[in-house]
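Work through the exercises below with the model open. Try each task before reading its solution.

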Amino acid sequence: MAEPQVAQKAPYIYKPEKDEKVAWCACGMSKSQPFCDGSHRGSEFRPIVLDVQAGKTCAFCGCKQTGNAPMCDGTHSML
Ligand code: FES
């Protein structure tokens, strides 16, 4: 299995202003981190689509190595 690219060695903090559906980038190649921009096309990676709630802060994984995708689990601190 291919390794995802490390987008950044820190989580992306995101606080939605409204309830919405987002697609977290799993490949690390998106230019719109932490969200998918379609750059994974042609790879084995697929985004993780999830619902987020207004006002609820999310810490999305930036290193793409988390064991708790799409959320940060602190793995970036060991890279
Ligand atoms: S651009 Fe990374 S999963 Fe879509």
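A polar contact is a pair of N or O atoms within 3.5 Å; within protein, one must be able to donate a hydrogen and the other to accept it. The model is predicted.

**Exercise 1. Find the side-chain partner of Gln33 in a polar contact, and describe the surroundings of Gln33.**

Solution. 
- Step 1: Gln33 sits in the loop between β2 and β3.
- Step 2: check burial. The relative accessible area of Gln33 is 17%. The cut-off for buried is under 20%, so Gln33 is buried.
- Step 3: search the side chains. The side chain of Gln33 makes a polar contact of 2.8 Å with that of Lys64.
- Step 4: search the backbone. A polar atom of the Gln33 side chain lies 3.1 Å from the backbone oxygen of Ser30.
- Step 5: list the contacts. Beyond four places in sequence, Gln33 touches Ala7, Tyr12, Cys25, Gly28 and Lys64.

**Exercise 2. Is Lys64 buried or exposed, and which side chain of opposite charge is nearest?**

Solution. 
- Step 1: locate Lys64. The residue belongs to the segment after β4.
- Step 2: read the accessibility. Lys64 has a relative accessible area of 7%, so Lys64 is buried.
- Step 3: look for a charged partner. The nearest side chain of opposite charge is Asp37, 10 Å away. Lys64 has no salt bridge.
- Step 4: look for polar partners instead. The backbone oxygen of Cys61 is 3.5 Å from a polar atom of the Lys64 side chain.
- Step 5: list the wider contacts. Leaving aside neighbours within four places, Lys64 contacts Pro4, Gln5, Ala7, Trp24, Cys25, Ala26, Gly28, Gln33 and Pro34.

**Exercise 3. Count the salt bridges in the model and describe what is found.**

Solution. 
- Step 1: apply the 4 Å cut-off. The count is one salt bridge.
- Step 2: name the pair. Lys21 bridges to Asp51, with the closest N and O atoms 3.1 Å apart.
- Step 3: Lys21 is in strand β2 (residues 20-24) and Asp51 is in strand β3 (residues 48-52), so the bridge ties together parts 30 residues apart in sequence.
- Step 4: check accessibility. Lys21 is exposed, at 58% relative accessibility. Asp51 is exposed too, at 57%.

**Exercise 4. Identify the residues of the largest nonpolar core.**

Solution. 
- Step 1: recall the background. In soluble globular proteins, nonpolar side chains tend to be buried together.
- Step 2: list the members. The largest nonpolar core has eleven residues: Tyr12, Val22, Trp24, Ala26, Phe35, Leu50, Val52, Cys58, Phe60, Cys61 and Cys63.
- Step 3: assign elements. Those giving two or more residues to this core are β2, β3 and β4 (58-60).
- Step 4: Beyond four places in sequence, Cys61 contacts Tyr12, Trp24, Thr66, Pro70, Met71 and Cys72.

**Exercise 5. Find where cis peptide bonds and a positive phi occur.**

Solution. 
- Step 1: recall the expectation. Most residues other than glycine have a negative phi, and most peptide bonds are trans.
- Step 2: check the prolines. The bond between Gln33 and Pro34 is cis, with omega about 5°. Pro34 lies in the loop between β2 and β3. The bond from Ala69 to Pro70 is also cis, with omega near 10°. Pro70 lies in the segment after β4.
- Step 3: check phi. Lys64 is not a glycine, yet has a positive phi of about 65°.

**Exercise 6. Describe the overall fold and extent of the chain.**

Solution. 
- Step 1: count elements. The chain has zero helices and four strands. The pattern along the sequence is β-β-β-β.
- Step 2: A compact globule of 79 residues would have a radius of gyration near 12 Å; the chain has 12 Å, so the two agree.
- Step 3: read the extents. The C-alpha trace spans about 35 × 30 × 20 Å along its principal axes.
- Step 4: Buried residues make up 35% of the 79 residues.
- Step 5: Of contacts between residues at least 6 apart in sequence, 57% join residues at least 24 apart.

Methods
Residues are numbered from 1 along each chain as its sequence is written. This is a predicted model: local features need pLDDT of at least 70, side-chain atom pairs count only at pLDDT 80 or more; totals for chains, interfaces and linings use all residues. Side-chain values use heavy atoms; hydrogens and water are left out. Buried means under 20% relative accessible area, exposed over 50%, partly exposed in between (1.4 Å probe, protein chains only). A nonpolar core is a set of buried Ala, Val, Leu, Ile, Met, Phe, Trp, Tyr and Cys residues joined through side-chain atoms within 4.5 Å. Contact means heavy atoms within 4.5 Å. Lys and Arg count as positive and Asp and Glu as negative; His and the chain ends are not counted. The radius of gyration is taken over C-alpha atoms; the globule rule is 2.2 Å times the number of residues to the power 0.38.
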